[in-house]
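Open the model in your viewer and follow along. Each stop gives a selection and what to look for there.

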Amino acid sequence: METAEMLCQALWQGRAVTVSPEPVTLKSGRVSHVYVSLRHFVCAPENLALLGDVFGEWLGEGRTGLGTAASLLSPVLAGAFAARFGLPLTLFRADGSEKGLAGQVFGRLSGEPVRLVDDVLTSGGTALVAARAFTEQGAGAVSLFVFVDKRPRSKKADFPLPVAAPLTLGELLRFGIETGRLTGGQVALAGTELDFLES
């Protein structure tokens, strides 16, 4: 089974994708009937191992330092992959919830490239804040790896970071439709999201 198809199947089976008549307001501020979250998904060891397999296949023989964006799952994923593949890890703390740590970078940066690791990419705001902090602290080229790229076509061309993603939200939704995981009104809601993604 191809990696993208295997990941699609696992995300649907693990209920990481929701298509609901009740809309949600995404972190970007956009209202949508489609929600993708890997928060519960990664709590199952076999799912975290699968994400590591997918990341490792993409990584191949390449070696890069891993960095965190300002999201809940980024430190979990980056830490797990750094340990599994023997890669250096750099942490970024965006907020001030811990006294004096807002905007802090932890780890050594001396010109090497850093790959930020996160679960999904919607607008990229958190990744850009982290990338700026890493660059200011001496990182080389900063890029981003996510498992699901949720951006519409119009937002991809001008994004300032290189992005690698094994799946797009469009692929994930089309898989849900083609395999019968979405039925009835869900198909229409997914179709509306697919139209948005093409804009």
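How many bridges join strand 3 to strand 4? Select residues 65–68 for strand 3 and residues 89–93 for strand 4. Two bridges join them, and the strands run parallel. Strands are DSSP runs of E, at least two residues long, and helices are runs of H or I, at least four, both numbered from the N terminus. Two strands pair if DSSP finds at least two bridges between them. Stop at G67: its bridge partner in strand 4 is T90.

This is a predicted model, where local features need pLDDT of at least 70 and side-chain atom pairs count only at pLDDT 80 or more, while totals for chains, interfaces and linings use all residues. Residues are numbered from 1 along each chain as its sequence is written, and side-chain values use heavy atoms, with hydrogens and water left out.

G65 stands opposite V114.

Now show the side directions of strand 3. G65 and G67 point one way, L66 and T68 the other. All are buried (under 20% relative accessible area; exposed is over 50%, partly exposed in between; 1.4 Å probe, protein chains only).

Move to residues 169–178, helix 6, and residues 185–197, helix 7. They pack at about 155 degrees, axes 10 Å apart (axes are lines fitted to C-alpha atoms over the stretch in contact; angles run from 0 to 180 degrees between N-to-C directions). That makes helix 6 roughly antiparallel to helix 7 (over 145 degrees; under 35 is roughly parallel, 65 to 115 roughly perpendicular, the rest oblique).

Finally, select L169, G170, L173, R174 and I177 in helix 6. They meet V187, A190, E193, L194 and L197 in helix 7 (heavy atoms within 4.5 Å).
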